[in-house]
Structures are given as C-alpha cells and as structure tokens.
Amino acid sequence: MCAARTQFIETGYHGTSVDDLSRATGLSKGSLYGAFGDKEALFQRVFDDYCAGSDAAAAARLEGPDDQALNRIRDWLTVPEDFTDRRGCLLAKATAELAWGNAAIAARSLAAYETLLDHCRQLVEQAQRAGHIDPTADAGALGGLIVTTHRGLEALAKAGVNVQTMNRIANAAIDSIALKP
C-alpha cells in the first residue's frame with residue numbers, strides 16, 4: 001500500500017491511472033482489483049491509513065511537559081534545512097482535489113483536520129499552563145492559527161519557497177502567540 005500511497009501523493013487521485021498503480025505496486029490490474037476492489041476503494045484505504053498516521057503524529061506532539069509545548073509547536077512548523085520534498089501531504093491534496101465531490105473523502109478530511117485542530121488547541125493550553133502563552137487567549141483560535149500556518153507553509157514548500165523564508169514565517173507565527181519574556 002506504501003507504493004500506492006506514494007503514487008497518489010505524486011500525481012493525485014485523478015492523475016493516477018490503474019496502470020500507474022500497477023507499475024508502482026508491481027501488481028497486475030487483476031491483482032489490484034482482487035485485493036482492493038476499484039481505484040476509489042484503494043484510494044480510500046490509502047487515505048484512511050494516511051489520516052490515521054496524521055492523527056497519531058498529532059497525538060504524539062502532546063506528549064511531554066507543558067513547559068516544552070511551545071517548542072513542540074515550533075518543531076512542527078519548522079522546515080528542516082535539507083528539505084527538498086515538494087510533493088506535499090496527501091491530506092491537503094485529497095481535500096483540495098476530492099472533498100467537494102466525494103462525501104467519504106470530505107468526512108475523513110474533516111475528521112483529520114478536527115483532530116489536528118483539537119491537538120493544536122491542547123498544545124496551546126499546555127503552553128498556557130506553562131506561562132508561555134497568554135492564559136486568557138482563545139486556545140482554539142490559536143490552535144487553528146497553528147494548523148493554518150502549517151498548511152500555508154506546505155503550500156509555500158510546494159511552490160519552491162526557500163527554507164529560510166518558510167522558517168522566518170514559522171518563527172513569526174510562534175512569536176506572535178508567545179508571551180515575551
């Protein structure tokens with residue numbers, strides 16, 4: 001399924017043919033249909049798996065002491081200096097490409113984004129308890145700002161914006177919500 005996921009990330013749902021999937025996975029068309037049903041069923045499985053991984057990664061960011069929550073947010077937004085992968089994430093790609101016309105993709109996308117929003121809200125609350133973010137600030141709105149910044153940075157990365165610029169943006173977003181020492 002990893003090869004199918006890579007293919008869908010690279011070319012999107014509509015840009016991926018069954019022949020592409022057959023080449024990527026090494027399975028004949030008959031074997032693909034036998035194992036997964038049709039292309040849409042395979043995509044749904046790949047997408048569900050991808051979203052489950054996104055959910056787990058978001059939950060993992062909550063682990064750790066409250067006084068490190070702001071650093072965990074910064075780490076999530078910061079782009080590694082050696083970053084070269086401009087493909088973007090399947091959640092963002094599938095949402096943009098399919099959610100408007102596919103109820104199952106729309107529902108799974110919404111659930112994944114709601115999980116991201118909730119986990120980022122919790123990270124903000126951790127940072128608030130640690131005294132790093134104003135405790136009276138709307139944690140849900142700030143969590144949404146973090147998710148939105150992450151999604152925007154992903155779009156900039158796909159366009160080829162350099163890492164230094166993206167990291168200046170990430171740091172500005174964090175600095176805008178952090179209490180000044």
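**Exercise 1. Confidence in the model**

State which helix has the lowest mean pLDDT and which the highest.

*Solution.* 
- Step 1. Know the source. This is a predicted model, in which local features need pLDDT of at least 70, side-chain atom pairs count only at pLDDT 80 or more, and totals for chains, interfaces and linings use all residues. Residues are numbered from 1 along each chain as its sequence is written, and side-chain values use heavy atoms, with hydrogens and water left out.
- Step 2. Read the score. pLDDT is the predictor's confidence in each residue, from 0 to 100. The protein's mean is 93, and 100% of its residues reach 70 or more.
- Step 3. Helices (H or I, at least four residues) and strands (E, at least two) are DSSP runs, numbered from the N terminus. Helix H3, residues 29-36, is lowest at 85. Helix H7, residues 103-129, is highest at 97.

**Exercise 2. Salt bridges**

*Solution.* 
- Step 1. Apply the cut-off: a side-chain nitrogen of Lys or Arg within 4 Å of a carboxyl oxygen of Asp or Glu. Side chains of opposite charge can pair when their charged atoms come close.
- Step 2. Take aspartate 19 and lysine 29. Their closest N and O atoms are 2.8 Å apart. Aspartate 19 sits in helix H2 (residues 18-25) and lysine 29 in helix H3, so the pair ties parts 10 residues apart in sequence. Aspartate 19 is partly exposed at 36%. Lysine 29 is partly exposed at 40%.
- Step 3. Take arginine 108 and aspartate 48. The closest N and O atoms are 3.8 Å apart. Helix H7 holds arginine 108 and helix H4 (residues 39-60) holds aspartate 48, so this pair ties parts 60 residues apart. Arginine 108 is buried at 17%, while aspartate 48 is partly exposed at 30%.
- Step 4. Take aspartate 66 and arginine 129. They meet at 2.8 Å, N to O. Aspartate 66 is in the loop between H4 and helix H5 (69-77), and arginine 129 is in helix H7, 63 residues away. Aspartate 66 is partly exposed at 25%. Arginine 129 is exposed at 56%.
- Step 5. Look for shared partners. Asp48, Asp55 and Arg108 join into one network.

**Exercise 3. Asparagine 167**

Is asparagine 167 buried or exposed, and which residues does it contact?

*Solution.* 
- Step 1. Locate it. Asparagine 167 lies in helix H9, residues 163-177.
- Step 2. Check accessibility. Asparagine 167 has 9% relative accessible area, so it is buried.
- Step 3. List contacts (heavy atoms within 4.5 Å). Neighbours within four places in sequence aside, asparagine 167 touches Leu77, Thr78, Val79 and Glu81.

Notes: Buried means under 20% relative accessible area, exposed over 50%, partly exposed in between (1.4 Å probe, protein chains only).
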